[in-house]
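Dear colleague,

I am passing on a structure that you have not worked with before, and below it I have set out what was found. Please read the notes with the structure open beside you.

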2 protein chains.
Amino acid sequence: MAYINYSRELLDKFCMEAFQKFGFTEPEARIISDVLLMSDDFGIESHGMQRLVRYHKGIESGLIHVDAKPEVVFETPISAVIDGHSGMGQLIGHKAMEMAIEKAKTVGVGIVTVRNSNHYGIAGYYARMAMDQGLIGFSCTNSEAIMVPTFGKKAMLGSNPLAWSAPADPYPFFFDASTTVVTRGKLEIYNKKQAPVPTGWAVNKLGASSNDASEVLGNIKAHEGGGIVPVGGDTELLGGHKGYGYGMICELFSSILSQGMTSAHTMQNGFSGICHGFMAINPAFFGDPEAIKKHFEVYLEELRQSPKADGQPRIYTHGEKEMEAIKKVQAEGIPVNENTVKEMIEMANYLGMDVKAYFGDFKSTSEVKSFY
Amino acid sequence: MAYINYSRELLDKFCMEAFQKFGFTEPEARIISDVLLMSDDFGIESHGMQRLVRYHKGIESGLIHVDAKPEVVFETPISAVIDGHSGMGQLIGHKAMEMAIEKAKTVGVGIVTVRNSNHYGIAGYYARMAMDQGLIGFSCTNSEAIMVPTFGKKAMLGSNPLAWSAPADPYPFFFDASTTVVTRGKLEIYNKKQAPVPTGWAVNKLGASSNDASEVLGNIKAHEGGGIVPVGGDTELLGGHKGYGYGMICELFSSILSQGMTSAHTMQNGFSGICHGFMAINPAFFGDPEAIKKHFEVYLEELRQSPKADGQPRIYTHGEKEMEAIKKVQAEGIPVNENTVKEMIEMANYLGMDVKAYFGDFKSTSEVKSFY
């Protein structure tokens with residue numbers, strides 16, 4: 001499966017035009033495009049351009065209501081509950097994190113929980129919004145059920161990422177990870193590549209290990225059982241119950257506190273119901289924020305400089321790879337999977353955009369297999 | 001290695017007498033004993049009676065200052081920073097969580113970070129203190145370095161447990177887990193049993209997999225390299241970088257916000273320097289707390305009732321096993337490893353206690369191998 005490199009500017013222009021054609025305002029399209037492109041900037045292919053098809057199909061099918069505005073249904077100086085009214089997840093998430101940041105600046109902490117939203121892109125985008133303001137940021141989201149709990153065979157939790165970010169130089173701390181071994185997006189990429197997935201990632205509908213991305217994704221889509229296992233694996237020996245527990249923390253901050261839909265109830269009967277959680281913490285409420293930041297930087301540098309395992313040239317701190325990926329994108333552009341390009345062209349045609357202006361005379365070399 | 005069952009009452013009386021003999025007041029001994037016995041109540045042998053020897057040796061060597069009082073060095077309505085002045089970890093932790101709870105009741109959230117403390121027992125004890133008051137509780141602690149970061153061969157993080165608890169019936173949510181695959185305490189138990197540890201838990205000083213608890217514990221004690229791997233394993237394929245990331249969140253709330261010692265600097269030169277983090281969140285600041293609790297209970301029950309993997313009779317939610325363990329302890333008493341009994345007898349002799357009154361004519365059947 002071939003990749004084609006496009007300039008960031010071209011893809012940004014494409015997203016801006018497409019989302020405005022879908023009916024979003026220019027500032028709204030700006031936020032949505034920023035969230036998607038940050039994922040590709042960071043080398044997280046699964047949540048960048050390759051996810052456009054989901055938003056396209058979501059808007060087309062009515063899962064995503066373009067005109068919906070997030071409503072604050074409960075609020076205190078440190079907290080808020082937002083009903084997303086099935087709007088675009090990125091816009092709801094952005095508003096929620098802005099509220100959490102404002103509260104953290106004023107009273108030290110802001111926690112905002114959201115119900116009835118849609119997929120909001122990478123969780124880390126929102127955590128980073130807080131980090132950009134000198135705060136510790138946290139964000140999480142549930143999703144269509146994909147994680148099979150320890151000893152189960154039916155997916156009952158989402159990929160349920162927890163994302164944290166905190167100020168540090170030269171590499172801000174940025175840790176954004178699903179509480180499953182891998183995300184659904186990773187399986188989607190293996191499926192597009194038509195490559196077998198590694199053992200220990202997924203189980204089929206009987207609960208047995210599977211290397212077939214197409215089978216696992218098909219079962220998830222059809223609610224036929226199976227899914228991805230929690231980080232730590234499918235038993236307790238190597239800590240699968242821990243990944244399952246981290247997934248539960250995600251539900252607590254998203255679907256439980258907001259009294260929204262837990263993962264197993266989302267994305268059914270034409271209704272999304274995805275829930276998110278956000279927190280911003282102000283280091284200035286614990287001492288001199290500059291001194292705290294310096295203290296963190298010393299530790300991060302000690303980690304990077306600590307002795308390497310045989311054959312390993314480097315120890316990373318979380319966020320370092322993302323900063324390096326940005327440099328690569330700036331130099332080389334963003335690599336887009338050929339199947340993703342086909343999906344983007346389909347979307348551009350649907351919206352009546354000038355396909356040639358973006359993709360020239362693109363010709364695919366393989367069959368697209370889409371699950372949307 | 002044989003186990004002997006003792007009544008909870010007898011062990012409680014033993015702890016109460018011992019800690020008062022060490023110089024703690026009766027209310028202080030009450031807190032310390034409660035923390036230790038909750039671990040045995042919950043079937044978490046590693047942090048119950050088997051840890052007494054560490055406190056004994058810690059007090060004897062001057063790591064733990066019996067008379068030290070925790071000092072609040074920074075405070076706002078939502079936050080506090082405590083300097084433990086090398087006091088007993090359980091007493092510092094208890095005070096810190098009480099402050100977090102009080103703040104959460106008043107303003108919705110309380111976050112307290114602690115530096116210069118000592119081992120504080122199971123992290124879950126403090127999370128549960130908040131849960132008992134109808135709040136969401138969080139606690140974490142760093143420890144002597146034991147976790148080797150992904151691609152490293154030197155332990156740079158502690159076992160770094162994150163513990164969460166939240167109200168629910170019939171089983172409160174209680175999730176307390178090290179961010180390593182297993183805790184050091186688990187290795188100590190394998191060492192006492194003289195059994196090989198499972199592959200995928202630990203690495204030797206060269207960074208290679210080891211099944212020898214004695215070797216790994218010895219290297220950790222001597223700071224010779226190696227240690228336990230993060231949950232997710234020693235590579236990125238199954239998510240080892242995620243366990244490493246969760247361990248970093250623990251450092252953030254404990255050693256970073258408090259500007260205390262990060263794990264790799266603790267427990268050296270006769271100084272402990274252990275740091276903790278605490279958070280309490282009041283559900284009443286997000287809606288009707290009873291409705292939120294009910295909503296959580298429905299989800300927990302759905303998880304327990306969801307389809308089981310072939311050959312698995314049961315899916316647990318976090319906290320269920322602990323509630324069942326309590327019932328077992330009430331019926332059968334607490335099983336104590338023979339080597340642990342020998343350590344307790346040694347401690348009782350050191351304190352001039354009436355050993356026979358507790359242990360009768362106990363005779364061991366094997367050699368103790370202690371790392372303290």
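**A lysine in a loop**

In chain B, B:Lys69 touches B:His85 and B:Gly87, leaving aside residues up to four places away in sequence, where touching, or being in contact, means that the C-beta atoms of two residues, placed from the backbone, lie within 7 Å. The model is a predicted one, in which local features need pLDDT of at least 70 and side-chain atom pairs count only at pLDDT 80 or more, while totals for chains, interfaces and linings use all residues. Residues are numbered from 1 along each chain as its sequence is written, and chains are lettered from A and ligands numbered from 1 in the order in which they are written.

B:Lys69 sits in the loop between helix H3 (52–61) and E2 of chain B; helices (H or I, at least four residues) and strands (E, at least two) are DSSP runs, numbered from the N terminus. B:Lys69 is exposed, because 11 other C-beta atoms lie within 10 Å, and the cut-offs are 20 or more such atoms for a buried residue, 12 or fewer for an exposed one, and anything in between for a partly exposed one, with C-beta atoms placed from the backbone. Between the C-alpha atoms of B:Lys69 and B:Lys192, which are 123 residues apart along the chain, the separation is 34 Å.

**How the two chains meet**

Chain B can be laid on chain A by a turn of 180° and a shift of 0.0 Å along the axis, with an RMSD of 0.0 Å (a least-squares superposition on the C-alpha atoms of residues with pLDDT of at least 70 in both copies). That is the relation of a two-fold axis, and in chain B the C-alpha nearest the axis belongs to B:Gly232, at 2.4 Å from it.

At the interface, 65 residues of chain B are in contact with 66 residues of chain A. Several elements of chain B each supply at least two residues to the side that touches chain A, among them strand E2 (71–76), strand E3 (79–83) and helix H9 (289–305), and H8(B) gives the most, with 8 residues. By class, that side of chain B has 39 nonpolar, 18 polar and 8 charged residues, counting Ala, Val, Leu, Ile, Met, Phe, Trp, Tyr, Cys and Pro as nonpolar, Asp, Glu, Lys and Arg as charged, and the others, Gly among them, as polar. The copies meet through the same surface, because 100% of the interface residues of chain B are also interface residues in chain A.

**The interior**

The largest nonpolar core has 238 residues, of which A:Ala100, A:Ala130, B:Ile32, B:Ala100 and B:Ala130 touch the most other members; such a core is a set of buried Ala, Val, Leu, Ile, Met, Phe, Trp, Tyr and Cys residues joined through C-beta atoms within 7 Å. Not counting residues up to four places away in sequence, B:Ile32 touches B:Cys15, B:Phe19, B:Phe24, B:Met88, B:Gln90 and B:Leu91.

Helix H5 (residues 123–131) of chain A is largely enclosed by the rest of the structure, because 9 of its 9 residues are buried, including A:Arg128 and A:Ala130. The buried residues of H5(A) pack against several elements of chain A, among them helix H2 (26–41), helix H4 (89–107) and strand E11 (274–281).

**Strands of chain A**

Strand E2 (residues 71–76) and strand E3 (residues 79–83) of chain A run antiparallel and are joined by 5 bridges (two strands pair if DSSP finds at least two bridges between them). E2(A) and E3(A) form a hairpin with 2 residues between them, and A:Phe74 stands opposite A:Val81 in E3(A).

In chain A, 3 strands also form an open sheet with antiparallel pairing, in the order E9-E8-E10. Strand E9 (209–210) and strand E10 (227–228) of chain A stand at the edges with a single partner strand each, so one side of each is left without a neighbour in the sheet.

**Backbone details**

Most residues other than glycine have a negative phi, and most peptide bonds are trans. The peptide bond from A:Asp169 to A:Pro170 is cis, with omega near -5°, and the bond from B:Asp169 to B:Pro170 is cis as well, with omega near 0°. A:His223, although not a glycine, has a positive phi of about 50°, and A:His223 lies in the loop between helix H7 (213–221) and E10 of chain A.

With best wishes
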